[in-house]
Amino acid sequence: MSTLTQRSSGLVQRRTEASRSAAAADRDRGSGDEDYEPRRGDEQDDDDSCDSKETRLTLMEEVLLLGLKDREGYTSFWNDCISSGLRGCMLIELALRGRLQLEACGMRRKSLLARKVICKSDAPTGDVLLDEALKHIKDTQPPETVQSWIELLSGETWNPLKLHYQLRNVRERLAKNLVEKGVLTTEKQNFLLFDMTTHPLTNNNIKQRLIKKVQEAVLDKWVNDPHRMDKRVLALIFLAHSSDVLENAFAPLLDDQYDLAMKRVRQLLDLEPEGESMKNNTNELLWAVVAAFTK
């Protein structure tokens, strides 16, 4: 399992940032998208939506989009972290949508990584990958831990009897989702001995809004308290780092901005998940996924 301390080489070329529409986010919160159940308590997230129903991205799609080279349309061949990172995205996405939670900690207070993942609701999400992962988790008895599910869903298990849990062709399926949303396009490229399907960027505005959202979270909108941050943005920062693609969002910054952004990201990475999960207005499964990558 890769750790959150790994960093990528900058793959994003410097470019002009597109402006972000804050009013559109307010419109989405009242749109009543059936894919998102109303959330209560620690599932509540005020800024849960992107610009419109058509361009709303899941955590998996956002992480993949950060990792894709704009013109080439594929992730770095040297990135061996993104596979497990995308599975962590799925668990948090399902938790934020009210489908998953951790079992009760009990009187002796089990650690986050010792607690099992419980299916809270098996209502379809409308996303094929999420529904496939949710079905595996719902049907598995006895339940498994967060660490186990990341390994099982990514196929990193030594047990041949559990290989059927692996979600296959995840990056390609996510890329096709982004093609359907008008973010990417599909091309064929020849690599000497073989042809490969690639997905170059076609809508630069959406990626620029994503990059700006990450940058603003640790610069202009920095609150120095993870529990006052938007949960989806907080999860995106952690998971983009564990997937070795976070630096792509910071590459366009000036040197002093870059240094400040990385300093504040380090503050987040140095947090103790066990302690943070015990505070108010938190999502325990989110911190369990963070603990799985930082253990």
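Good morning. I begin at the N-terminal end of H7, which Asn-203 caps: one of its side-chain oxygens lies 3.2 Å from the backbone nitrogen of Asn-205. A polar contact here is a pair of N or O atoms within 3.5 Å, one able to donate a hydrogen and the other to accept it, and residues adjacent in sequence count only if both atoms are side-chain atoms. The model is predicted, so local features need pLDDT of at least 70 and side-chain atom pairs pLDDT 80 or more, while totals for chains, interfaces and linings use all residues. Residues are numbered from 1 along each chain as its sequence is written, and side-chain values use heavy atoms, without hydrogens and water.

Helices are DSSP runs of H or I with at least four residues, numbered from the N terminus.

How many residues of H7 are buried? The count is 12 of the 15, so H7 is largely enclosed by the rest of the structure; buried means under 20% relative accessible area with a 1.4 Å probe, protein chains only. Among them are Ile-206, Leu-210 and Val-214. The buried residues pack against H2, H8 (231-242), H9 (246-250) and H10 (255-269), contact meaning heavy atoms within 4.5 Å.

Finally, Ser-76 sits in the loop between H2 (59-67) and H3 (82-96). Ser-76 is buried, at 15% relative accessible area, and its side chain reaches the backbone nitrogen of Trp-78 at 3.1 Å.

Technical notes
Helix = DSSP H or I, 4+ residues; strand = E, 2+ residues; numbered from the N terminus. Buried < 20%, exposed > 50% of the residue type's maximum accessible area, 1.4 Å probe, protein only.
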